Amino acid sequence: MRSFSFYVVLLGLLLPVRSGDAALWNQVVALLNDTVITAWDIKREIQVERVKKGLQPTDTFSKDDLKVMTKKIIVESLVVAEAKGFGVADIGTQADRLAWEQFQRKFSSEGAYLRFLKEHDIHESELREMLTRSLRVEQFIKEKILSVHIEITDEEIRNYRAAHRGLTDRDVRDRLKKKKIQVNLEDWIQSLKLRNDIRTYWE
């Protein structure tokens, strides 16, 4: 992802694409404030995500694959920026190193790991940033959840139990709490999006 003082919008990303098409991969797929995100950026992130899940890298991507990863990167970038604003984005060197070592262990050898980086033009510093971004998001969201008081009323418990018989008060309370936390997180992420200039060019 790179920053430019001007915006270039390129179209033609509606079909499945192959990694050999250099011109296509240089196309802009999104803008997050002054940061330009290209299809090449998304491709590399998908490859890293596949390895994390124990899957092999792939040469073919659908439009949906690229769109999902684009949204993931944008949301995570917004959350990390918010965390930095509160001074809680640092996950520590131990967690950073552990994530990197776990990724390396997905490969049969150090040579295979290095070939992966070279083939996909990923510097090790970029890889570690990709790996720790999700950890920073997870850490910040956990802190937000712990810091927010979720109130569950007796009426809400009665209404939920009436629609879901056989549950204990504790089960009902836990389910309602999870539901409210999810709604609060979605509202918060939506507010982050509204406070930033986000443009996507998939459609």
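User: Which residues do ring pairs link into a cluster?

Analyst: Ring pairs link F103, F107, Y113 and F116 into one. Rings of Phe, Tyr and Trp (its six-membered ring) pair if their centres lie within 6.5 Å, and planes under 30 degrees apart count as stacked, over 60 as edge-to-face and the rest as tilted. This is a predicted model, where local features need pLDDT of at least 70 and side-chain atom pairs 80 or more, while totals for chains, interfaces and linings use all residues. Residues are numbered from 1 along each chain as its sequence is written, and side-chain values use heavy atoms, leaving out hydrogens and water.

User: How many aromatic pairs are there?

Analyst: The count is five. One of them joins F107 and F116, which are tilted, with 5.3 Å centre to centre and 50 degrees between the planes.

User: Is F107 buried or exposed?

Analyst: F107 counts as buried because its relative accessibility is 17%; buried means under 20% relative accessible area, exposed over 50%, partly exposed in between (1.4 Å probe, protein chains only). F116 is buried too, at 4%.

User: New topic! What lies over the face of W100?

Analyst: That's R128, at 4.2 Å from the ring centre. A charge sits over a ring if NZ of Lys or CZ of Arg is within 6 Å of the ring centre and within 35 degrees of the ring normal.

User: And how many bridges join β3 to β4?

Analyst: Four bridges join β3 (residues 28-32) to β4 (residues 35-38), and the strands run antiparallel. Strands pair if DSSP finds at least two bridges between them; strands (E, at least two residues) and helices (H or I, at least four) are DSSP runs, numbered from the N terminus. A30 stands opposite I37 in β4.
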